[in-house]
Amino acid sequence: MKLSEVIDAYIAVKTSLGMSFDSARRLLGQFSREVGNPPIGEVQAEPVAAFLRGRGALNATWGLKYRILSGFYKFAISRGYADGSPLPANVPKLPHQQSPYVYSIDELRRLLEATSALHVNDTPLQATMYRSLLILLYGSGLRIGEALNLNLRDVDVIERIITVRDTKFFKTRLVPIGPKLAAKLAAYIQRRRELPLPLGDDSRLFTTKTGRGWPYPHVITLFQKVRRVAGIACATGECRPPRIHDIRHTAAVHRVIAWYRTGRDVQHLLPRLATYLGHIDIKSTQRYLHMTSDLLQEASQRFAKYAQSENDS
């Protein structure tokens, strides 16, 4: 069988188990194209190694590709499509995964201001659209892929509810939003309706000037420009600058800091935050909450008050 045919069979099995598998689908498709889509038994180790290596310095993407191809070849061997795997036996030492970054309020403001650099005459709504995307990501904590998949119908600015469909874990969840974010989204949607609506209210919320959904790589490229204009560079000890995904991380950390400052029971509220963010369990949320200096200070102050009350009793 051709490599692409086995890939199709593998994806069909995974999706039948309730997995969305979109990123793996794209990566396996890229793999098939780069090695020339030969019969699966004729895939050689050298082009596989070249695919894993990619361009530039060795990074965490090598590990992601390896894990996906490893799962694919285990499937292919178990089904008798391949006799063995062309993956390298030795895994190189990969750089540490990039640490989550928490933007300051000032940095968030600068990012929003920097979206004005995206204005171009033939796509006049691009800057406004990107600013609205960043506001949505911070105000709702959505994943970037979830935000880009939103349709106009999914955003109810009256009830202040966003419906997130087919999430990372193949589920749908409702995300409540505050009145300020709802008002900003309402104003943006009014502008968005000036662009083509190929599917009516089922058209994408964030689109090109033709009404087609914004591609993920394009959004990342635009963010790199916005980040440069905002003057946000690599954090100390990091070899790569902060990502757009870190806005979601920032939203979570800022929410916990706000809870501490208002005297809320953070441990009691963490399961609600996990549900809000679309995590499958609270452990994911706890790992997500990187201890920033502000968060550490608030937690320390809370503990100090608790210790004082214990001593006084």
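**Close-up views of a predicted model**

**View 1. Strands β2 and β3 run side by side in this predicted model.** Four bridges join β2 and β3, which pair in the antiparallel sense. Within this pairing, I162 faces V175 of β3.

**View 2. Stepping back brings in the whole open sheet, built from three strands.** The strands follow the order β1-β2-β3, with antiparallel pairing. Because β1 and β3 (173–176) are the edge strands, each with a single partner, one side of each has no neighbour in the sheet.

**View 3. Here we meet the surroundings of I162.** Beyond its neighbours within four places in sequence, I162 is in contact with L136, L150, D154, V155, R173, L174, V175, I177 and L185.

**View 4. The largest nonpolar core holds 43 residues.** Look for Y130, L133, L136, I162, L205, W214 and I244, the members that touch the most others. At least two core residues come from each of α5 (105–114), α6 (126–140), α7 (144–148), β2 (161–164), α8 (179–192) and α9 (216–230). Helix α6 gives the largest share, eight residues. There is also a second, separate core of 26 residues, with I11, L52, F72 and Y73 among them.

**View 5. Let us finish with the confidence of the prediction, where the mean pLDDT of the protein is 83.** A pLDDT of 70 or more is reached by 81% of the residues. Over residues 302–313 pLDDT stays under 50, and the model has four contacts for them beyond four places in sequence.

How values were computed:
Residues numbered from 1 in each chain as written. Predicted model: local features only at pLDDT ≥ 70, side-chain atom pairs only at ≥ 80, totals over all residues. Heavy atoms only, no water. pLDDT = per-residue confidence, 0-100. Contact = heavy atoms within 4.5 Å. Core = buried A, V, L, I, M, F, W, Y, C linked by side-chain atoms within 4.5 Å. Buried < 20%, exposed > 50% of the residue type's maximum accessible area, 1.4 Å probe, protein only. Pairing = 2+ DSSP bridges.
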